[in-house]
Amino acid sequence: MEKTPLSVMLVDDETARALLVEQALAKHGYQVVCRLTSTAALRYHVERVQPDIIIIDMDSPDRDTLEHMTVISQHNPRPIVFFANHDDNPDSIKLAIQAGVSAYIVDGLTAKRVKPIIDVAVARFNEFQQLRQQLHSSQSQLAEQQLVDKAKRLLMKKQQTG
């Protein structure tokens, strides 16, 4: 059985660099299904195209980009890989991770690093999603147990007064 290539949304504000990234992705079996030059309409395009992975290649994330990534992570989560060309600000990395970035890579993208970086990002994303589901399940179980305990207390109180 042949594996379907993972679909990638590529966001890169430099056309020449985007072409090189797209070629590197294709060489490693990824299919670029959408290429954008900015993150301005990112949520719309993610909902429309439903890519498996989002790759953003920029100098560093600005406030709007972080906001768009946060919305994606909340409403339509998927692995996001951010390639920063240069970033001296540790706050950028922290904010990007908080916004849902699975991998934040400084010094740009090279063809030989594409596959391992994406593999790690997808694995981290899957692990995080699994933890999120376990947390949700535990919270639901706790809420149910609290309701049962409350019902028991009310029943015991009623039996004592009756």
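This is a predicted model: local features need pLDDT of at least 70, side-chain atom pairs count only at pLDDT 80 or more; totals for chains, interfaces and linings use all residues.
**Stop 1: helix H2**

Start by selecting residues 42–49, which form helix H2. Which residues of this helix are buried? They are Leu42, His45 and Val46. Look down the helix axis and you will find them on the same side of H2, because they cover an arc of only 100 degrees around that axis. There is a simple rule behind such a pattern: an α-helix has 3.6 residues a turn, so residues three or four places apart point the same way.

Now show what lies over these residues. Their cover includes strand S1 (7–12) and strand S2 (31–36). Strand S3 (53–58) and helix H3 (63–75) are also among the elements covering them.

Stay on H2 and select Arg43 and Glu47. These two residues form a salt bridge, with their closest N and O atoms 3.0 Å apart. Both lie in H2, 4 residues apart, which is about one turn of the helix.

**Stop 2: just past the helix**

Step along to Gln50, which follows H2. Gln50 sits in the loop between H2 and S3, and it is partly exposed, with a relative accessible area of 39%. What is the phi of Gln50? It is positive, about 55 degrees, although this residue is not a glycine. For background, most residues other than glycine have a negative phi.

**Stop 3: a cysteine in strand S2**

Next, select Cys34 in strand S2. Cys34 counts as buried because its relative accessibility is 8%, below the 20% cut-off. Leaving out residues up to four places away in sequence, Cys34 touches Val8, Met9 and Leu10, as well as His45, Arg48 and Val49.

Cys34 and Asn85 are 51 residues apart along the chain, and their C-alpha atoms are separated by 21 Å.

**Stop 4: the nonpolar cores**

Now turn to the interior. In soluble globular proteins, nonpolar side chains tend to be buried together. The largest nonpolar core here has 19 residues. Which of them touch the most other members? Select Met9, Leu42, Ile56, Met69 and Phe82. At least two residues of this core come from each of S1, S2, H2, S3, H3 and strand S4 (80–84).

Zoom in on Met69. Apart from neighbours within four places in sequence, Met69 is in contact with Ile56, Pro61, Ile80, Phe82, Ala99 and Val101. There is also a second, separate core of 18 residues, and its members include Ala18, Phe83, Ile117 and Ile118.

**Stop 5: Val114 in helix H5**

Move to helix H5 (residues 114–161), where you will find Val114. Val114 is buried, with a relative accessible area of 1%. Select Val21 as well: how far apart are Val114 and Val21 in sequence and in space? They are 93 residues apart in sequence, yet their C-alpha atoms are 8.5 Å apart.

**Stop 6**

Side chains of opposite charge can pair when their charged atoms come close. This model has 9 salt bridges by the rule used here.

Select Arg17 and look at two of its partners. Arg17 pairs with Glu14, with the closest N and O atoms 3.6 Å apart. Arg17 also pairs with Asp57, where that distance is 3.3 Å. The bridge to Asp57 links distant parts of the chain: Arg17 is in helix H1 (residues 15–27) and Asp57 is in strand S3, 40 residues apart. Both Arg17 and Asp57 are buried, with Arg17 at a relative accessible area of 15%. Glu14, in contrast, is partly exposed at 41%.

**Stop 7**

Val106 belongs to strand S5 (residues 103–106) and is partly exposed, with a relative accessible area of 31%.

Note on methods:
Residues are numbered from 1 along each chain as its sequence is written. Side-chain values use heavy atoms; hydrogens and water are left out. Buried means under 20% relative accessible area, exposed over 50%, partly exposed in between (1.4 Å probe, protein chains only). The arc is that of the directions from the helix axis to the C-beta atoms. Contact means heavy atoms within 4.5 Å. A nonpolar core is a set of buried Ala, Val, Leu, Ile, Met, Phe, Trp, Tyr and Cys residues joined through side-chain atoms within 4.5 Å. A salt bridge is a side-chain nitrogen of Lys or Arg within 4 Å of a carboxyl oxygen of Asp or Glu.
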